[in-house]
Amino acid sequence: MSFGVTKLDWLLLAICLVLALPRPALGEPLLGLLEQQFVRFARNRRAAIAAIGVTAIFARLALLIWIPAPRPKVHDEFSYLLAADTFLHGRLANPPHPMWIFFDTFHVIQHPTYASIYPPAQGAALALGQLLGHPWIGVLLSMAAMCMAVTWMLQGWLPEEWALLGGALAVSRFALFSYWINSYWGGAVAATGAAVVLGALPRILELQRPRDAVLLGLGAGILATSRPYEGALFFVPVGGALLWWFFRQAPVIRQQSRRAVLLPVAAVLGCAAAFIAYYNWRITANPLVFPHMIELRTLITTPLFVWQHAKPALTYANPQFNDFYNNFLPSLYQTGWEDAKGLAQWKSTESWQFYLGPVVSVPLLLALPWLLADRKLHVLSIQLGLVAMGLLALAWFEPHYAAPLLATVMVLVMRGMQRVRGFRMGAWPVGVGITRLVVLFSFCIGPAYFVNTVMSRSDFFSDAWNSARGWFDGHRWLLLAATLIAIGLVRLFSRPASATSGPPRAARSCLEIVFLTLAMVQIAAAQGRFHADDYPFDDDWDESSRTPIERDLAAMPGEHLVLVRYAPNHFVHNEYVYNEADIDHAKIVWAREIPGRDLSALLAYFGNRKVWVVEPDEDPARIYPYAPRGPTP
């Protein structure tokens, strides 16, 4: 997977800047009229927040015919789903199973309890979804909550119209095609907590209301139960800003602030800390030992931080653990300065591509001097630097590790767009054109990706679309150049000198918007084609998994025990052995066939079940009844 920044990225920036130069403002007068209606609607803050949440839900539901609810396929997803199932059974952990050696799997501990290693917030969201019919409903609701929280947060930092626009950008970038919405890994839950914290901070400093203090504590609690390490780093500047503000007040006002702000925050944080300690105690029998520490102590030998050194290799009970912990994890990071530098560059580029990308970076870069000089934003700059350093210190990384920073980045981006909006070059409203192009591209990239990648898989569209796409790929740059020339001609006839001739202004504006949209779609499609791995989208729906086998077995009468027989060259990330919280009462139990280990105890324990053998490394995966003297198809 390559996350390099190439010439095409900077070409997009140049196109945005060049198209923004001619006057009058881009897309006038139609876009101006639309913006007026947008501002009018945004003034109703509650309606704006509700509209963002409803849009996030129904826009993604509208895509279900092409992008169905995701199937779990990554180790982490199955672990989160185990947490959800455990919570639905009314407990925080499950007793260890007597046959645990056959059920042992990645990111799940078997002792002192049988439980997920991850913090509980994402599992709780999935449990809510399961209560409503499917775990993915919890993912959908958490994403809608994130987009609403981002809008509410921005309302505390910016005028209402910029807050609504920020919420809409969050929907278009993360709520439709991102792996945050198309998997069970999470990201939205932690980002929601961060947005609540940052949204409460300016309201506390201005109004000193206890309800905002409670919200800040709740947001910090969500962070602590979703991304505790990154959440702690995220909260340090916020806590420091609150204490700085508190101690700078006069003694009389300080006493009032103590009651209205500090005590509610402390009370909620105390409750969150007590719950985390209790959660740890129920799973690990120690309130200070987090579940993931069990895996770190007993299974993982690779360093957690870049300055640490690997521990001696361990011997594991099954070949899949040996491959994952002794081969795959060490391959991610080797101690050494050059490896650390390469890892830091990879993390930085991947994060930039996921959260920003080239065009969304334009207002941030153009307004950077003003953003750095704004004293109100200093806490965000410190926050961004602190969390970034904390992430760079980790030996492992995925974009959702940085989920709390989504809130910080959104405030900075929207504040930058607000500043750039006012840029002028003489009489030219350059800033209006730049911000409109950024918004247009942000809204075009999703549909362009959808048509280019997803709809082409449909039986109805595939043949015709693939034929058209082949022609388009061969003439991409010619078409883009023609579209840009057309935009230039339309803009030429939009200049004041020709205002009395040619088509009416509204017609010219419509042509300009059409050509701009075509250009942005072509650029988005080209960017997606050349940098498919760099986009915040997930299109890995065809990856093999145990779902078809599981569906067939679920339709059969009785209960089943499935022995998973991996080949020596098994791809370690295609794992089948994950089970429900209550293994003994599950309709299907998945067990690992371990070379050299006798199965008689396992078969006797589940003597009332139909026993099957699955060979997932065959193409397609094979399933057949188990035979004691050797399986025969």
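Predicted model: local features only at pLDDT ≥ 70, side-chain atom pairs only at ≥ 80, totals over all residues.

A: **A loop arginine, then the rings**

Arg-227 has its place in the loop between α10 (210-224) and α11 (228-247). Arg-227 is buried, with a relative accessible area of 15%. The cut-off for buried is under 20%. Leaving aside residues up to four places away in sequence, Arg-227 touches Ala-190, Ala-232, His-400, Tyr-401 and Pro-404.

Now the rings. A pair of aromatic rings is described by the distance of the centres and the angle of the planes. The structure holds 30 aromatic pairs. One of them joins Phe-174 and Trp-180. Their centres are 5.5 Å apart, and the planes stand at 25 degrees. This pair is stacked, because planes under 30 degrees apart count as stacked. Phe-174 is buried, and Trp-180 is buried too.

Tyr-179 pairs with Phe-354. Here the centres are 5.6 Å apart and the planes meet at 55 degrees, so the pair is tilted. Where do the two partners lie? Tyr-179 is in the loop between α8 (160-174) and α9 (188-207). Phe-354 belongs to helix α15 (residues 337-355). Tyr-179 is buried, with a relative accessible area of 11%. Phe-354 is buried as well, with a relative accessible area of 5%.

Ring pairs also build a cluster. They link Phe-106, Tyr-316, Phe-321, Phe-324, Tyr-325 and Phe-328.

Next come charges over rings. Arg-203 lies over the face of Trp-152. The distance to the ring centre is 4.0 Å. Lys-610 places its charged end over the ring of Trp-612. In that case the distance to the centre is 5.3 Å.

Ile-513 is found in helix α23 (residues 505-530). Is Ile-513 buried, exposed or partly exposed? Its relative accessible area is 22%, so Ile-513 is partly exposed. Ile-513 and Leu-440 are 73 residues apart along the chain. Their C-alpha atoms are separated by 9.6 Å.

Phe-174 and Trp-180 are stacked, whereas Tyr-179 and Phe-354 are tilted. Arg-203 sits over Trp-152, and Lys-610 over Trp-612.

How values were computed
Residues numbered from 1 in each chain as written. Heavy atoms only, no water. Phe/Tyr/Trp six-rings, centres within 6.5 Å; stacked < 30°, edge-to-face > 60°. Buried < 20%, exposed > 50% of the residue type's maximum accessible area, 1.4 Å probe, protein only. Helix = DSSP H or I, 4+ residues; strand = E, 2+ residues; numbered from the N terminus. Lys NZ or Arg CZ within 6 Å of the ring centre and 35° of its normal. Contact = heavy atoms within 4.5 Å.
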